[in-house]
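Here is a friendly look at the charged side-chain pairs of one protein model. Have the sequence and coordinates open as you read.

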Amino acid sequence: MVGVEKQDSLRFIKHLVQKAPVHMDLWENDRGDLFISLPTSDEQGTVFVGITPEDIILFFENRIDLRQLVERCASPFVRLIENSVHRLLYFPDAELEVAGAEYFYKDLQ
């Protein structure tokens, strides 16, 4: 299972989407687990979510939207950074919305 890492323990891989309102980056930890970072819908924070390669492929193939990608996260926990404060949230209970959640990849190209 993908763990939930602090941002400073992750290595930046690349920008995946850079079209407002979505700025999605790909990160990796020392074990090779993948994470995406996304702004919250209110743009006050950044969410780090563990993902699987299979799920990111589904997103790039336009078979799931951004909300579904986040909901399929590889861990029941997500990390939220707001105003330099790191919080670990249990995702099923978190009332968390990412910016542009309704978009498919084709909408962000």
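In this predicted model, the side chains of Arg-72 and Asp-55 meet in a salt bridge at 2.8 Å, N to O (a side-chain nitrogen of Lys or Arg within 4 Å of a carboxyl oxygen of Asp or Glu). Arg-72 lies in the loop between helix H2 (66-71) and strand E5 (77-82), while Asp-55 belongs to helix H1 (residues 53-60), so the pair ties together parts that are 17 residues apart in sequence. Helices (H or I, at least four residues) and strands (E, at least two) are DSSP runs, numbered from the N terminus. Arg-72 is partly exposed at 41% relative accessibility, whereas Asp-55 is buried at 7%. Here buried means under 20% relative accessible area, exposed over 50%, and partly exposed in between (1.4 Å probe, protein chains only).

The structure holds four salt bridges, among them these:

| Pair | Closest N to O |
|---|---|
| Arg-31 and Asp-33 | 3.4 Å |

A note on the numbers: residues are counted from 1 along each chain as its sequence is written, and side-chain values use heavy atoms, without hydrogens and water. Local features need pLDDT of at least 70 and side-chain atom pairs count only at pLDDT 80 or more, while totals for chains, interfaces and linings use all residues.
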